Every structure is written in structure tokens, then in C-alpha cells.
Amino acid sequence: MRSKTEQELLQSIKLYLLDMDGTLYLGDKLFHFTLELLNTFRATGRKYLFMTNNSSKSVEDYVEKLKKLGISASREDFITSSQATAYYLKRNHPNRRLYVCGTQSLIKELQREGFAVTQKLDEVECVVMGFDTELTFQKLEDVCRLLMANPQIPYIATNPDYVCPTEFGSVPDCGSVCDMIYNATGKRPVVIGKPSPLMPELAMKKYGYSKEETAVVGDRIYTDIKSGLNAGITGILVMSGETTEEILKESGDKPHIVLKDGSEIIDAIKE
């Protein structure tokens with residue numbers, strides 16, 4: 001049972017920004033409450049967006065993944081670190097030719113936004129690092145070569161996550177690979193995804209919701225919750241993914257609300 005204050009806060013939220021892995025599902029296994037949660041948002045007149053740091057998949061990939069899990073979604077239902085990265089690049093490094101250490105899906109997403117992607121190192125004007133499930137040592141060597149040859153070259157990472165949760169545990173994510181590159185080159189990237197406030201800010205701007213009406217729901221303090229805090233919106237931590245009680249206790253960043261999982265939101269906003 002939530003406290004009256006927490007229940008009132010949950011009921012006041014009109015735009016829910018939902019993390020995916022660890023919040024709505026683990027790997028390819030949907031949590032039992034997820035479909036009811038999304039139906040409850042719609043039935044009570046609330047808006048939700050799927051907000052993910054995982055840049056290994058394009059929006060179309062995610063639409064297909066959710067379809068297989070039984071969730072109907074369209075491109076407009078997402079805000080991703082890939083989209084936010086493209087937005088940042090357009091504002092800060094327009095028309096640059098990119099070297100992308102990422103999946104073919106990330107490359108296609110950036111090309112869709114009008115960017116030229118090349119593997120010819122002498123043509124590269126900007127380096128983009130993503131969560132690369134197709135990673136090779138050659139890509140790591142290329143990135144190191146580019147960063148060392150041109151210390152001023154823009155170096156952008158889609159997200160800072162160290163691990164990506166799966167049904168069996170975790171695998172290394174973009175942040176872990178960025179640490180490898182740092183150990184080799186001493187170079188750190190500009191990081192775009194959560195905990196940056198950029199994705200929540202883009203969502204509020206696009207759909208016209210205020211900070212008071214918006215919340216991020218996620219299983220990680222250092223990305224999901226921190227992005228909400230940085231954006232000045234409500235941060236709702238669910239304990240269904242990466243965060244443990246020990247991590248929560250030790251963290252200097254505290255969520256506004258802590259839930260065992262997303263099912264508790266259903267109970268709060270239905271009443």
C-alpha cells in the first residue's frame with residue numbers, strides 16, 4: 001500500500017516515460033503486469049512513451065520486438081538514445097561524416113536522420129559509440145586510431161550504461177566499452193542518453209506536458225532516475241531490474257518513489 005502522498009503523486013502524472021529492459025520486461029520475457037499497466041494508462045487518459053538507452057536496436061526493431069511480446073506500438077510511442085543522439089548531432093555537429101561503433105540498426109537510424117556514415121578513416125569527422133551487440137576488435141582499434149590521430153574530433157556516446165540486463169544476468173553495455181576506449185586513449189565521450197535530461201526534455205516539448213505532469217519510470221538509479229532528477233521531473237524506481245536494496249541505500253541520488261515493480265502504479269492510479 002502506497003502512502004497517500006505517493007499515491008497522489010502517481011495520480012498527478014499525465015506523461016509516463018517508461019524504461020524497457022528491467023522495467024517492462026527482462027530479455028524476451030514480459031513481466032506479468034506490463035499489458036495491464038499500459039492498458040490502465042490508456043484507460044485513465046494518460047500518455048506513455050517507451051524511453052530507452054539501448055541503441056543496439058532501431059525504433060522499427062523495438063516496434064517488432066514489442067509486437068512479439070504482445071504489445072502494439074508505433075514509432076511515435078518511442079524516444080530513444082539513438083533519436084536523442086541524432087538530435088544532438090544536428091544541433092552541434094551538422095553534416096559531419098560519422099564513424100559508428102554500433103549495430104547496423106543504429107547506423108540505419110542515423111542515416112535515416114540524414115547523416116553520412118563511413119568506414120574510411122580518413123573521411124571520418126565524428127565518432128559515435130553505441131551499445132554494439134555486433135562489436136569486433138577491429139571497431140575498437142578504429143575508434144582508438146581516430147581518437148589518437150585527431151584529439152579534437154567530436155566523440156559521442158549514445159548512453160553511459162555499464163551493463164544491459166538479460167534473462168540470465170547482464171552483458172557489457174556502451175559505458176563498459178567507453179571505459180575500454182578510455183583506458184587505451186585517455187578520451188571520454190560526450191554522453192547523450194540517460195542520465196542526460198535531453199530525452200525527457202524532448203518528450204515534454206513534443207507532447208506539451210509540464211515537469212509537474214511528467215515522470216520517468218526505470219530500474220536504474222544512475223541512468224533512469226538521474227535523468228528524471230536532471231530534468232526536474234518525478235523519478236520512480238522499480239526494483240524489478242538492476243537496482244538492489246544495497247545499491248539504493250548507497251546511492252546519493254534518491255528517487256521520489258520506490259516500487260517493487262510497475263504493478264504498484266496500476267493500483268495507485270486505478271483508485
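**Pockets and a parallel sheet**

The largest pocket here has a volume of about 300 Å³. This is a predicted model, in which local features need pLDDT of at least 70 and side-chain atom pairs count only at pLDDT 80 or more, while totals for chains, interfaces and linings use all residues. Residues are numbered from 1 along each chain as its sequence is written, and side-chain values use heavy atoms, with hydrogens and water left out.

A word on terms. A pocket is an open set of points on a 1 Å grid over the protein atoms alone, where a 1.4 Å probe fits, with protein on both sides within 12 Å along at least five of seven lines; lining residues have an atom within 4 Å of a point. The volume is the space filled by probe spheres set on the points, which are joined across faces, edges and corners.

Back to the largest pocket. It has 15 lining residues, and Ile 79, Gln 83, Tyr 87, Leu 202 and Lys 206 are the closest to its centre. Strand S5 (78-80), helix H4 (81-92) and helix H8 (198-207) each supply at least two lining residues; these elements are DSSP runs numbered from the N terminus, helices being H or I of at least four residues and strands E of at least two. H4 has the largest share, five residues. By class, the lining has nine nonpolar, one polar and five charged residues.

Now Ile 79, which is found in strand S5. Ile 79 is buried, with a relative accessible area of 7%; buried means under 20%, with a 1.4 Å probe and protein chains only. Leaving out residues up to four places away in sequence, Ile 79 touches Phe 50, Met 51, Thr 52, Met 199, Leu 202 and Ala 203, contact being heavy atoms within 4.5 Å.

The second largest pocket has a volume of about 180 Å³. Of its 17 lining residues, Asp 21, Gly 27, Lys 57, Pro 165 and Thr 166 lie nearest the centre. Strand S9 gives the most to this lining, with three residues.

Last, the sheet. Four strands form an open sheet in the order S6-S7-S8-S11, with parallel pairing; two strands pair if DSSP finds at least two bridges between them. Strands S6 (98-101) and S11 (190-191) stand at the edges, each with a single partner strand, so one side of each is left without a neighbour in the sheet. S7 (residues 126-129) and S8 (residues 155-157) pair over three bridges, and Val 128 stands opposite Ile 156 in S8.

Note on methods. Nonpolar A, V, L, I, M, F, W, Y, C, P; charged D, E, K, R; others polar. Buried < 20%, exposed > 50% of the residue type's maximum accessible area, 1.4 Å probe, protein only.
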